Amino acid sequence: MAIETFELFENDPAASRTWKYQAAVRRGSCLESLGRTDEALEVYFDIVRSGGPLGPVASVPVEEF
């Protein structure tokens, strides 16, 4: 369920690029935990190919919180 929820958030046009990036990282982490390493790597590669986030990701930006 978490994987699907994160994937929905990644595809939400209203979500900022930073939030989509965080959802993708969390989805990849869930896939890793389930032993689905190839799928997790594809998620991580997609993040790298997309250019990553535009803003800070270590903490939630105040204006988006």
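**Figure 1. Helices α1 and α2 are roughly antiparallel to each other in this predicted model.** Two packed helices are described by the angle between their axes and the distance between the axes. Here the axes of α1 (residues 2–10) and α2 (residues 17–33) cross at roughly 155 degrees, and angles over 145 degrees count as roughly antiparallel. The two axes come within 8 Å. The crossing of α1 past α2 is left-handed.

**Figure 2. Residues of α1 meet residues of α2.** From α1, the residues in this contact are Ala2, Ile3, Phe6, Glu7, Phe9 and Glu10. Their partners in α2 are Trp19, Lys20, Ala23, Ala24, Arg26, Arg27, Cys30 and Leu31. By type, the residues of the contact comprise 9 nonpolar and 5 charged ones, with no polar residues.

**Figure 3. Glutamate 10 is a buried residue of helix α1.** Its relative accessible area is 17%, and a residue under 20% counts as buried. Leaving aside residues up to four places away in sequence, Glutamate 10 touches Lys20, Ala23, Ala24 and Arg27.

**Figure 4. The protein chain that holds these details has 3 helices and 0 strands.** Along the sequence, the pattern reads α-α-α. The protein chain has 65 residues, of which 23% count as buried. For contacts between residues at least 6 apart in sequence, 46% join residues at least 24 apart.

Technical notes: Residues numbered from 1 in each chain as written. Predicted model: local features only at pLDDT ≥ 70, side-chain atom pairs only at ≥ 80, totals over all residues. Heavy atoms only, no water. Axes fitted to C-alpha atoms, helices over the stretch in contact; angles between N-to-C directions. Helix = DSSP H or I, 4+ residues; strand = E, 2+ residues; numbered from the N terminus. Parallel < 35°, antiparallel > 145°, perpendicular 65-115°, else oblique. Left-handed = near helix turned anticlockwise from the far one by under 90°. Contact = heavy atoms within 4.5 Å. Nonpolar A, V, L, I, M, F, W, Y, C, P; charged D, E, K, R; others polar. Buried < 20%, exposed > 50% of the residue type's maximum accessible area, 1.4 Å probe, protein only.
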